[in-house]
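This briefing goes through a set of local features in one protein model, grouped by topic. Please keep the sequence and the 3D view open while reading.

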Amino acid sequence: MDSPTSSRALVLAGGGLTGIGWEVGVLAGLAAHGLRPADDADLILGTSAGAVVGTRAAQGTDLGALLDEQLVPASASAERPASLEGDTVRTVFEAMLDVGDDPVERHVRVGALALAAPTITEEERLAVIAARLPSTEWPARLRVVAVDAVSGETAVFDAGSGVGLVEAVAASCAVPGIWPPTTVGGRRYLDGGVRSPDNADLAAGYGRVLVLSPVRLEVAAVPLLERTGAVAVVYPDDGAVRAMGANPLDPSLRAPAARAGRAQADALAGDLAGFWSD
């Protein structure tokens, strides 16, 4: 994915419903200061929550309106709450964090657990994702990351993949053990976060990369520094961490996360303007 050094990429990482809210809040806040990375980026790379936000941003959705959507009460949305508790989820996440194995082998093991896990149906999950995406038109600049549940290989869907946008985003958002793997072209796919929280290494070759990462984990942007001109990684500040709470899949926490992201953007805008525009 080599690109000229003057090119720019916006990487939007996973982080559940609160991650969606926070990322939208940050982007809307930056826009209020005249900084629009979603408009300027040559590439928008989305993983899980970031696939949702990246799709809407790449489609040109007004960021103020998108922020308003995040502030709708959970009871008035199509979102379904989910718990991170329970033996199945614990086993899946332990497998995901077992970094001692070959990554593909780890993905295969996580995929097997996800395929066996009791969840809602694919049809029900697709309806939730469709409610997040009023338009199903693929933006040309968008790439969405998922993982094949059987082979463990990484899949990067884009406008040329011949894959429906809702299915691609649902695949990227298919948190193993919680939501069902998504069928795309006869294969089943898992959340792109199984590979990496942000998959920022897939933006290698772009001259400037801005990463919004709702979860403070080791990100792929670190080795990316060795292969690209400049990288800025933004994490939630302390206020946003408190607002986002302990369960990123709790719809009631999406609005507080969005407000916190919007407030954080006021402090970020000056530094990021220099980084993004220089």
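The model is predicted. Strand E7 (residues 208–212) is mostly covered, with five of its five residues buried. Searches of the whole structure find one aromatic pair and one cavity of 30 Å³ or more.

**Strand E7 and its neighbours**

- Arg 208, Leu 210 and Leu 212 lie on one side of E7 and Val 209 and Val 211 on the other, and both faces are covered.
- Strand E1 (residues 8–12) runs parallel to E7 and is joined to it by five bridges.
- Strand E8 (residues 230–234) also pairs with E7 in the parallel sense, over five bridges.
- Arg 208, one of the buried residues of E7, has its charged end over the ring of Phe 275, at 5.7 Å from the ring centre.

**Strand E6 and its neighbours**

- Strand E3 (residues 142–148) pairs with E6 in the antiparallel sense over three bridges.
- Within E6, Asp 191 is the bridge partner of Ala 146.
- Strand E5 (residues 182–184) runs antiparallel to E6 and is joined to it by three bridges.
- Arg 188 in E6 has Thr 183 standing opposite.
- E5 and E6 form a hairpin with two residues between the strands, where Gly 185 takes a positive phi near 60°.

**The aromatic pair**

- Which geometry does the pair of Phe 157 and Tyr 189 have? Their ring centres are 5.3 Å apart and the planes stand at 80°, so the pair is edge-to-face; the angle needed for that class is over 60 degrees.
- Phe 157 belongs to strand E4 (residues 154–157) and Tyr 189 to strand E6 (residues 187–191), so the contact ties together parts that are 32 residues apart in sequence.
- Both Phe 157 and Tyr 189 are buried.

- Most residues other than glycine have a negative phi.
- Ser 48 is not a glycine, yet has a positive phi of about 55°.
- Ser 48 lies in the loop between strand E2 (43–47) and H3, and its relative accessibility of 7% makes it count as buried.
- Asn 199, likewise not a glycine, has a positive phi of about 55°.
- The loop between E6 and E7 holds Asn 199, which is buried with a relative accessible area of 0%.

**A buried loop proline**

- Pro 176 is placed in the loop between helix H8 (165–172) and E5.
- Is Pro 176 buried or exposed? Its relative accessibility is 1%, so Pro 176 counts as buried; the limit for that class is under 20%.
- From Pro 176 to Ala 58 there are 118 residues in sequence and 26 Å in space, C-alpha to C-alpha.

- The largest cavity has a volume of about 120 Å³.
- It is lined by 13 residues, and those closest to its centre are Gly 16, Leu 17, Arg 125, Arg 132 and Leu 249.
- H1 and H7 are the elements that give two or more residues to this lining.
- H1 gives the most, with three residues.
- The lining of the largest cavity has seven nonpolar, two polar and four charged residues.

**The second largest pocket**

- About 230 Å³ of space lies in the second largest pocket.
- Its lining has 17 residues, with Glu 69, Glu 79, Ala 131, Arg 132 and Arg 254 nearest the centre.
- Helix H1 (16–32), helix H3 (49–58), helix H4 (63–70) and helix H7 (122–132) each supply at least two of the residues that line the second largest pocket.
- By class, 10 of the lining residues of this pocket are nonpolar, two are polar and five are charged.
- Arg 132 is named among the residues closest to the centre of the largest cavity and among those nearest the centre of the second largest pocket.

Conventions. Residues numbered from 1 in each chain as written. Predicted model: local features only at pLDDT ≥ 70, side-chain atom pairs only at ≥ 80, totals over all residues. Heavy atoms only, no water. Buried < 20%, exposed > 50% of the residue type's maximum accessible area, 1.4 Å probe, protein only. Helix = DSSP H or I, 4+ residues; strand = E, 2+ residues; numbered from the N terminus. Pairing = 2+ DSSP bridges. 1 Å grid on protein atoms, 1.4 Å probe; cavity = no way out; pocket = protein on both sides within 12 Å on 5 of 7 lines; lining within 4 Å. Points joined across faces, edges and corners; volume = space filled by probe spheres on them. Nonpolar A, V, L, I, M, F, W, Y, C, P; charged D, E, K, R; others polar. Phe/Tyr/Trp six-rings, centres within 6.5 Å; stacked < 30°, edge-to-face > 60°. Lys NZ or Arg CZ within 6 Å of the ring centre and 35° of its normal.
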